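Follow it with the coordinates open.

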Amino acid sequence: MRNKKTKRLKLLRRILVTAVLAVAGFTMIVPFLWMLSASMKRPIDVMELPIRWIPKDFYPDNYLKVWNIGGKGARNYNFGLAYVNSLKIAVINMTCSVFTSAAAGYAFAKIKFRGRNVIFLLYLATMMIPTQITLIPKFAIFAELGLSGTHWTLILPGLITITGTFLMRQYFTQIPDELRESAYVDGAGEFHIWIRIMLPVAKPCMASLAMVVFLWNWNNYLDALVFLSDWRLYTIPVALTGFIEENTTDYGLIMAASTSALLPVFLVFLAGQKFFVKGLVAGAVKG
Amino acid sequence: MNAKKRRQRKTDLTGYLFILPNMLGMILFTLIPMLFSLLISFTDWNFVKGFGNWNYIGFENYLKMWKDEWFLSALCNTVILAFICVPVTIGLALIAAAAIDRFAFGKLPIRLAMFMPYISNVVAVTIVWVMMYSPWGPFTQMVKMMGVKDPPQWLGDYTWALPAIILMMVWSNVGYCVMIYTSAIQGLPRDVYEAAEMDGAGEICKFFRLTVPFLSPTTFFLVITLFINVFQLFAQVQIMTKGGPGTSTNVMVYYIYKSAFNYYNMGYAAAMSWILFAILLVITLIQWKGQKRWVSY
Amino acid sequence: MKMKRTIALLLAGLMGISMAACGAKGTDGQDAGGNKTGAAGGSETQNNAGDAAGNGAKDGAGDADGAGSGTEPVLLKIWGGVPPEAGPQESVDRFNEAYQDRGIQAEYVYYVNDDNGNLKLETTLMAGEGVDAYMCYDERYLSKRIEGGMALDLTDLCERDGFDIKELFGEEMVTSYEYDGVFYCIPTKRDQYGMMLNKDMFDEAGIPIPTEWTYSEFREIAKQLTHGEGEQKVYGAFLNTQQNLLTTFQYFGVASLGGDWMYNEDGTATNFTDPVMVESAQLAYDMMNVDGSAPTHVDSVTQKLSCDGMFMNERTAMVPASWTVRNVKNLESYPHDFVTAFAPYPVPDNAEAPYIMGGVGDMLCINPKSPNVDACWEYVKWYSTEGVVPLAYGGRIPLCKSIDMDEVNEYFFRDAEGLLDEESAKYVMIVPRGSYAFPTISPNAAELGDILSEEMEAVLNGKKTVEQGLADAKERGDALLAK
């Protein structure tokens, strides 16, 4: 009897908490809903009060202008090309930096080489310098290497990530030493241990890191703005900023451009999320 | 003895090989630019004059900033921002992550919804928030609905502009923290929880006695990265307020950027970023020392 | 032990950097340029230039005896801040047609003329490639770039070709763009600005289009033109403070104060407490906060109001931004049917106003690191004396004296039947009206502007009185100049 009551209470509690969390989650996406709704409105209707969340009539011109379909736009912003560029850079950097971070993070956590604490502190320290100030020096290096203006300016620094290294180190620290030592005793080399034992264990962490790194690169704004000068090489944020700067008052249009920049990322992550979450929820929770 | 030494040397070599690719990138694109900026912080360099075209002026840049009211206001605002934003974000994220994990139905959609702001392009979401805060925007309307007759002009108000930016920062960072916490929660030892349940521990008790301590390394990581992120706040301010009204949202990196690229005082900007660095370093070191007390591995 | 190795690595890296600092050679420029153009996929707007680039790359890569002239044409990259469709694209197209046989082609690269856009231009200039010639729109940027060696000394080229800048563009106009007797740029545009008016609103209210007016007359008219409430309210004027808090000084007060309006005679102190400054600040404050004939500063900022939107959507009768005239023809973005007229800026009640707001603009410079300086010079000569004409379509008036003004008029009023009031447009925008307020000194101009803006913001938001705000601005500004 009592047991049943507790169970029902527990269920009630779960429902309640879920409701609260759902409201919180919904609040988080209100700005996006508004963006979506505004992107389909005529300029004048955007400011209408009370807010009409579902537009009176669908006004596709905003999107047509952004994507330069049917000659609606004053200028072609080459969003398609910018997409390809952004995607290329983000994928390369994501792949490489996850592995460089996993390797270094593992070494910092598990291999007791001399000077590792000093070097790790150095890593931490470099995280704290505002990127804005390394902009010009980086620029000098690229000019010297003959790379200025190319995508290499975004790819080369993006091949590693210090925050990622930090994250991986923290993760590997949590993994019990026994796992590694037993393999070590069996005579496996460090590299072998890393690939065969450690990387599989670190999959969830690597998945989240990959996701985050992809986003950093996808959204990298200032570097792209300063380093790229050829419109054929523009990435999404630069194309978007250019667009926003030129159409400051046409909110519907700006929202359409923002939606165009955001929606595909959402979709990719919605699609990929299942896979990621599978990794995350391995060893599932039973409430 | 000798064998031990040899083994250590082998360990060293392996370690360096593992960090080599990472280290190379770090040196070339972070460390060297950093040292370069240290060098120019002692000069009067104006960057359009080209490299090497500068005079060394000693510590002048480091001294004059303490009389520069723009710098002081930026410092003050940044500190306020960080010390409100970081604890609030992490607190909310910890509670949310734990609650989702323990109780919620439909974990996935909730986590996704919370994560959305983080994966969005900062330029795009900032523009959306400018609209949110405008008199006809949803945020202002919501505040009106809650009974406030004459809500402030958020971003145009001397008192409310900074809180408005803080709210947006919390909004955009919470999802990231939830996500990191979630992946850490998966690694928590279930048996300990079960044992606690046997002993009749309530949910709140378990949260404070088990979850919080178990997650402390992650919290440590998040505190440090968030502090750094918040201290480096830039794009939002540049797009939303340009530091205004007055100096009420002037933050350090925004002023550094302005000094460097609007006033062309590259040396001064570099000096200020080193002060920023020093502040962050001190905060990190304090936490590093302090973690021994509250972080349990 | 291992620390040493790390330090050695670091030192090696540092040496690399210092070498970079010493010998910044502009090499590999051709290579990178070639790669970029090779990647070109034509877009609709950059059509011609894109094609030219494509051809160039093909010629370069393939056999030399292929179709066409056989030699690879020089491709110039011209950076400008005017949207291509407002004239520059037509100008570049004309150039490419005229210079096809001479092996020079140009591509117009559009940069947004704001902080970020200018930063981008400057870093690209520093890299030494990617820019052959560029437009400067602001004296502050221009002088910094000249000091930094980013603009070519034009003396030799002018002498070689007998290109007399003073003769061609008017000595009184260009003198202030001579640095120590040397020209580093060619000013190409006559800046003559004024208020843009909604003529239909004026007609309705029975107010004639003014040809000269004082602050108090302006304020009175703005009051008369204001009507409605809330979302429907139509303001008499919009003061554009969200973009430039100094509008009433820089555009209105300048008629009395001259080009160096921020400084006293010798530039050793500010003149922020000058009676004209006080009057100008008071005007903005009164219109916003007393009369309600202009949107308040806070509204302008938080609602992201702008001259373009306010004027074209008929929410205000006047804006102080005649440079936005190009919107009038942009019926796609701004559907409207009212007539736009122009008036000079109002002048202070209590002071003489010998100057006209304006001067020259669109300063064209050559990148000294350009590998194609000669071709570039050809372009600069062509543009400044003839190629600039199509930009009149977007409201830009050429400076060169030899240009046929009828053609300029034709471009200016093309596609604008029933949208532009010809008489007032000619009077305010096109025909020279008097002596311009040329700036001659600019120590700490950017910082001073920011200080004054900050105090002005406090004034407009009611945090300080006009006198207090300007006094504080003067104190801070003088302290800065005294350093």
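Chain B and chain A bury about 8900 Å² between them, and carbon and sulfur atoms give 79% of that area; buried area is the accessible area (1.4 Å probe) that two parts lose on being put together, summed over both. Of the area that chain B buries against chain A, Phe18(B), Phe29(B) and Trp136(B) supply 10%, more than any other three residues. The model is predicted: local features need pLDDT of at least 70 and side-chain atom pairs pLDDT 80 or more, while totals for chains, interfaces and linings use all residues. Side-chain values use heavy atoms, without hydrogens and water, residues are numbered from 1 along each chain as its sequence is written, and chains are lettered from A in the order in which they are written.

The contact (heavy atoms within 4.5 Å) takes 97 residues from chain A and 95 residues from chain B. Across this interface the rule finds 1 salt bridge, a side-chain nitrogen of Lys or Arg within 4 Å of a carboxyl oxygen of Asp or Glu. Arg114(A) forms a salt bridge with Asp12(B), with the closest N and O atoms 2.6 Å apart. Helix α1 (residues 2–40) of chain B, a DSSP run of H or I with at least four residues, gives the most to the side of chain B that touches chain A, with 23 residues.

The second largest pocket is lined by 42 residues; a pocket is an open set of points on a 1 Å grid where a 1.4 Å probe fits, with protein on both sides within 12 Å along at least five of seven lines, and lining residues have an atom within 4 Å of a point. Val20(A), Leu21(A), Ala24(A), Leu92(B) and Met114(B) lie nearest its centre.

Key
Helix = DSSP H or I, 4+ residues; strand = E, 2+ residues; numbered from the N terminus.
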